[in-house]
Amino acid sequence: MSLTIRGSAKARDQPTCNGFFCRMVCLPKCIFGGFSRVTGRRNQYQPSELQLQHPQLLQPPVVPEDWAFLVSFEQQYGTTHPFFYACSFMQALKIAEDEHKLMFMYLHSPEHPFTPSFCSRTLSSELVVQFLDANFVCWGAIADRGEGLQMAATLQPASFPFCAVIAPAAGNNMAVLQQMEGPIDPAELVEILQRTMEEQGSAFGTTVRGREEEHMRARIKEEERIKARAKEQEKLRADRQLREEQDAAYFVALQRDQEKENLRNARAQKSIEASNQTNYQNPGQMHREKQLGKPRQSSSVGEAQYKETTTHGKDTQILIRFPGGERREHNFSCIDKILSIYRYIDSLGLPGIANYRLISSFPRRLYSFDQMGMTLKDAGLHPRASLFVELL
């Protein structure tokens, strides 16, 4: 008898998929209870305490239904064969669904005349073993007992050996993508299975390569998202730590300078205050005016001059902090020079403020003689800024 690829009489009017046979089969309810029945049967094979105490009472072991096919096959044909899962049909179908593979089912009829040659030449062929193990979840059963008998009654094979390619389907159904009856050589079997995978697998969403690529893309995308989030969080932590370190370093340096200045000027504070009240002369201001080639004005005239020039067009607010804790706020124009701030401080006539320089806190920046001609806008002090007076 030659190989036959067909469907049952009930399914001859069913449509085909890509030129290959395909039909939906409703599984009997007894197939779905296979797992609980197998569990129950295995419990009754365990010896009782009385049998353990008296070994002569032990009965010969009964082969569980799930292992009957493998035991029968290996006793006659050896251990070279595809990896058949020793479990119920529904368990094997669930494994195939989880691994995104099709299921290869073999119904074994030990008494059929074509069975010995098929098992010894085809199923034991190295070509078939490697191909099935790499691409399918294999399940076998004896055709005249247990679930094998139930599947034979459902699929109604006309001859043996009987093989089928099964795919999971919704509800209590399975999709029979291909079935083969009768003898078949290894190369022909592999060719039929290969074509079934290529032409039928994608129609039922079970193409292994497509599923693996989809999962790989999703995994790569998730890893990239996690890495991007971790990188962003690390950058935020680094920026925050840098700001904290800069602020801490600046305030430590400022406190140290204030302490030094207070110690240096403690004894001469009263005489300096009296001298500045009568006739305040700022050496720092004189030096700056001399360097810029401008005549020096008295503090009272300078302060009055600033009062006159603050009537309009002032769009930059500068807060000035002095070593003694005093604060002064003044409005300037964005086109005013850094020198304007120095002139304003000199016009205040504050005691102890002679030679000094201006510093911004964050980012820390020094505004000394080299920046005198820079506008407030170019210096980054517009529209609002805070400066510290650091004594020299």
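1. Strand pairing around S3. Strand S3 (residues 102–108) pairs with strand S4 (residues 136–142) in the parallel sense over seven bridges, and Phe104 stands opposite Cys138 in S4. With strand S5 (residues 162–168), S3 pairs in the antiparallel sense over five bridges; here Met103 stands opposite Ile166. Pairing requires that DSSP finds at least two bridges between the strands. Strands (E, at least two residues) and helices (H or I, at least four) are DSSP runs, numbered from the N terminus.

2. Basis of the model. This is a predicted model, in which local features need pLDDT of at least 70 and side-chain atom pairs count only at pLDDT 80 or more, while totals for chains, interfaces and linings use all residues. Residues are numbered from 1 along each chain as its sequence is written, and side-chain values use heavy atoms, with hydrogens and water left out.

3. Burial of S3. Seven of the seven residues of S3 are buried, so the strand is largely enclosed by the rest of the structure. Buried means under 20% relative accessible area, exposed over 50%, and partly exposed in between (1.4 Å probe, protein chains only). Leu102, Phe104, Tyr106 and His108 point one way from the strand, and Met103, Met105 and Leu107 the other way.

4. Helix H8 (residues 146–155). The buried residues in H8 are Glu147, Gly148, Met151, Ala152, Thr154 and Leu155. Seen down the axis of H8, they fall within an arc of 160°, so they line one face of the helix. The arc is that of the directions from the helix axis to the C-beta atoms. Gln156 follows H8 and has a positive phi, near 50°.

5. Salt bridges. The whole structure contains nine salt bridges, each defined as a side-chain nitrogen of Lys or Arg within 4 Å of a carboxyl oxygen of Asp or Glu. One of them joins Lys101 and Glu99 at 3.9 Å, N to O. Lys101 is buried, at 15% relative accessible area, whereas Glu99 is partly exposed at 35%.

6. Arg225 and Glu222 both lie in H10, three residues apart, about one turn of the helix. Their closest N and O atoms are 2.4 Å apart. An α-helix has 3.6 residues a turn, so residues three or four places apart point the same way. Arg225 is partly exposed at 38% relative accessibility, as is Glu222 at 35%.

7. Glu326 and Arg328. These two side chains form a salt bridge, with the closest N and O atoms 3.1 Å apart. Glu326 is partly exposed, with a relative accessible area of 34%; Arg328, at 26%, also counts as partly exposed.
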